[in-house]
Amino acid sequence: MTRKLRNYINGKWTETTGSLFLDVINPADNKTLAIVPAGSRDDIIDAARAAKNASADWRNMPATQRIQYLFKMKQILETNSDEISAICTAECGKTLQESRAEVVRAIENIEVACGIPKLLQSDFSEDITKGIDEYFIRQPLGIGTCIAPFNFPVMIPFWFMPYAIACGNTYIIKPSEKVPLTMTRIFELLEELNLPAGVLNMVHGGKETVDAILEHPDIPAISFVGSTNVARYVYQTGVAHNKRVQAQGGAKNPVVIMPDADVDTTVRIVTDSAFGCAGQRCLAASIVITVGKESEKFADKIVSSAKSRITGNGMDKGVEMGPVISKESRISIEKLIQKGIDDGATILLDGRNIKVEGSGEGNFVGPTVLGGLSTDSEVFKTEIFGPVLIIINVETLEDAIDLINDNRYGNSACIFTASGSAARKFRHDVMAGNIGVNIGIAAPMAFFPFSGWKESFFGDLHGQSLHAIEFYTQTKVVIERWHDEWTRKF
Ligand code: NAD
């Protein structure tokens with residue numbers, strides 16, 4: 001019988017109040033793994049009630065005690081990393097190695113949040129005027145939420161949740177309806193924590209669930225990660241309902257290769273960046289800009305390196321690239337490849353119609369490389385979110401930077417060069433929030449903010465680290481005078 005997933009509300013596994021369910025599909029063979037609630041407004045109302053009821057005791061618990069749960073949470077994820085990774089690969093398609101890497105990234109965020117007693121400390125000014133002191137304290141907002149995308153089922157909720165609960169908020173996670181099994185297993189494992197009921201809740205669903213979060217009067221803070229159009233909608237709707245919103249969106253990440261870059265290292269890193277996780281990373285390289293005639297040599301080498309990547313079921317040993325998330329996604333990627341060709345691109349490597357042994361029905365697209373695409377083509381500007389790399393050549397570093405700054409997205413931009421001065425100019429002039437210098441995936445560690453810009457981010461405070469702490473707290477300023485004559489008795 002097909003497994004039917006439940007929500008986790010108020011410390012209990014709870015059936016959805018809705019009647020519609022969606023299939024959770026293994027993208028490597030398109031077989032149904034489970035069914036997940038399509039979402040219901042009442043489920044969010046129940047979760048928000050539970051989170052609100054748990055709020056007062058949780059925020060009054062000293063931070064030093066709250067983090068004891070986080071230390072255990074870290075251990076639980078570490079101990080069960082293999083099992084969590086296998087579930088992630090089954091529903092998301094990425095390789096086991098890629099799944100394990102995201103568990104590590106999730107754990108790193110718990111580790112940083114364990115420092116909350118120190119991180120929550122504030123400033124104190126004695127004698128702002130004679131006998132008067134001023135300071136501020138950070139207090140939790142109440143209930144936080146994370147609305148997550150499909151491509152990192154483990155890691156992304158941990159960019160926000162550990163910080164939010166460490167700060168004294170209670171929390172609701174809404175996993176992507178495409179990959180709900182991984183977070184469901186994590187919640188089963190976290191029952192061992194014995195967190196007070198209502199502190200950590202999970203509600204499944206799609207748009208209806210998101211809308212219920214956006215409109216619920218008791219939910220003051222929303223962390224969203226997903227595509228740009230939905231990020232914009234979540235940001236604007238949440239703000240219209242007087243909420244604090246941080247909404248990370250899509251991307252089209254450029255990588256600039258200067259003629260002085262080391263060929264073998266650059267080719268290896270850029271190919272990994274473009275085709276790791278089947279190109280379904282918001283920091284994946286999607287446009288390579290080679291600078292100067294001498295750099296054109298990189299294109300052939302990237303194509304050869306891409307050609308040699310092994311595509312297959314992410315569970316299988318030796319596989320370097322899994323399927324894309326769904327049949328619809330494969331069709332949309334293939335259409336964009338064709339549109340690129342129709343717009344004048346040369347197909348240097350064609351990953352369409354790839355046959356993967358033993359996985360006849362999977363959503364596979366092999367590494368694909370397009371050359372000579374016009375920068376006016378929609379394909380040059382659209383996020384493809386698949387294993388498709390566009391390579392173009394420009395004359396100067398300035399041309400490359402202008403092209404990058406014309407991009408509507410600003411999630412990340414990388415440069416490969418041996419020149420400190422080129423790297424410095426790039427870092428200074430490029431309008432993107434995560435910069436890589438001789439790095440293929442400029443993913444900030446947990447103790448730095450994940451800094452998307454432009455249409456890759458709506459809001460001001462980002463996920464991770466001090467930004468997440470600031471996002472999930474409000475400051476209260478206290479100005480204080482103690483009159484000697486009132487209080488000093490001796
Ligand atoms: P998505 O926008 O389709 O879905 C994200 C979340 O929004 C899901 O939980 C989904 O249920 C919900 N949702 C979808 N449509 C909605 C609607 N119309 N109204 C309200 N809620 C809706 O994104 P996805 O396909 O799951 O993830 C891939 C996208 O996420 C890519 O664009 C990628 O670049 C982006 N992403 C960005 C970052 C980042 O840090 N900037 C990180 C990871 C992924």
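A: Start with arginine 309. This residue counts as buried, because its relative accessibility is 13% and the limit for buried is under 20%. The model is a predicted one. Arginine 309 forms a salt bridge with aspartate 272. The closest N and O atoms of the two are 2.9 Å apart. Arginine 309 sits in the loop between helix H11 (297-307) and helix H12 (327-342). Aspartate 272 belongs to helix H10 (residues 263-275). Aspartate 272 is partly exposed, at a relative accessible area of 34%.

Why can such pairs form? Side chains of opposite charge can pair when their charged atoms come close. The structure holds 22 salt bridges.

Take another pair. Arginine 232 and glutamate 455 meet through their side chains in a salt bridge, with 2.7 Å from N to O. Here the link joins distant parts of the chain, 223 residues apart. Arginine 232 is in helix H9 (residues 228-240). Glutamate 455 is in the loop between strand E21 (453-454) and strand E22 (457-458). Both ends are partly exposed: arginine 232 has a relative accessible area of 25%, and glutamate 455 has 23%.

Now go to the start of the chain. Arginine 3 makes a salt bridge with glutamate 188, side chain to side chain, at 3.3 Å from N to O. Arginine 3 lies in strand E1 (residues 3-4), and glutamate 188 in helix H7 (residues 180-190). They are 185 residues apart in sequence, so this pair also ties together separate parts. Arginine 3 is partly exposed at 39% relative accessibility. Glutamate 188 is partly exposed too, at 27%. The pair belongs to a network of salt bridges that links Arg3, Glu83, Arg185 and Glu188.

Other contacts come next. Asparagine 151 is in the loop between strand E8 (143-147) and helix H6 (161-166). Asparagine 151 is buried, with 5% relative accessibility. A polar atom of the asparagine 151 side chain lies 3.0 Å from the backbone oxygen of glutamine 280. Aspartate 23, in strand E4 (residues 21-26), is partly exposed at 47%. Along the chain, aspartate 23 and valine 36 are 13 residues apart. Their C-alpha atoms are separated by 6.4 Å.

Finish with a sheet. Strands of a sheet pair through backbone hydrogen bonds, either parallel or antiparallel. This sheet is open, with 3 strands in the order E6-E7-E23 and antiparallel pairing. Strand E6 (124-129) and strand E23 (473-481) are the edges, each pairing on one side only. On average, neighbouring strands are turned by 30 degrees against each other, direction ignored. E6 and strand E7 (residues 132-140) pair over 3 bridges. Phenylalanine 124 stands opposite tyrosine 135 in E7.

The surface has a nonpolar patch of Ile128, Val477 and Ile479. Together they show about 280 Å² of accessible area. Isoleucine 479 is in strand E23. Isoleucine 479 counts as exposed, because its relative accessibility is 56% and exposed means over 50%.

How values were computed
Residues are numbered from 1 along each chain as its sequence is written. This is a predicted model: local features need pLDDT of at least 70, side-chain atom pairs count only at pLDDT 80 or more; totals for chains, interfaces and linings use all residues. Side-chain values use heavy atoms; hydrogens and water are left out. Two strands pair if DSSP finds at least two bridges between them. Helices (H or I, at least four residues) and strands (E, at least two) are DSSP runs, numbered from the N terminus. Axes are lines fitted to C-alpha atoms, for helices over the stretch in contact, and angles run from 0 to 180 degrees between N-to-C directions. Patches are made of residues with over 30% relative accessible area and no salt bridge: like charges are joined within 9 Å, nonpolar side chains (Val, Leu, Ile, Met, Phe, Trp, Tyr) within 5 Å. Accessible areas come from the Shrake-Rupley method with a 1.4 Å probe; for residues, only the protein chains shown count as cover. A salt bridge is a side-chain nitrogen of Lys or Arg within 4 Å of a carboxyl oxygen of Asp or Glu. Buried means under 20% relative accessible area, exposed over 50%, partly exposed in between (1.4 Å probe, protein chains only). A polar contact is a pair of N or O atoms within 3.5 Å; within protein, one must be able to donate a hydrogen and the other to accept it, and residues adjacent in sequence count only if both atoms are side-chain atoms.
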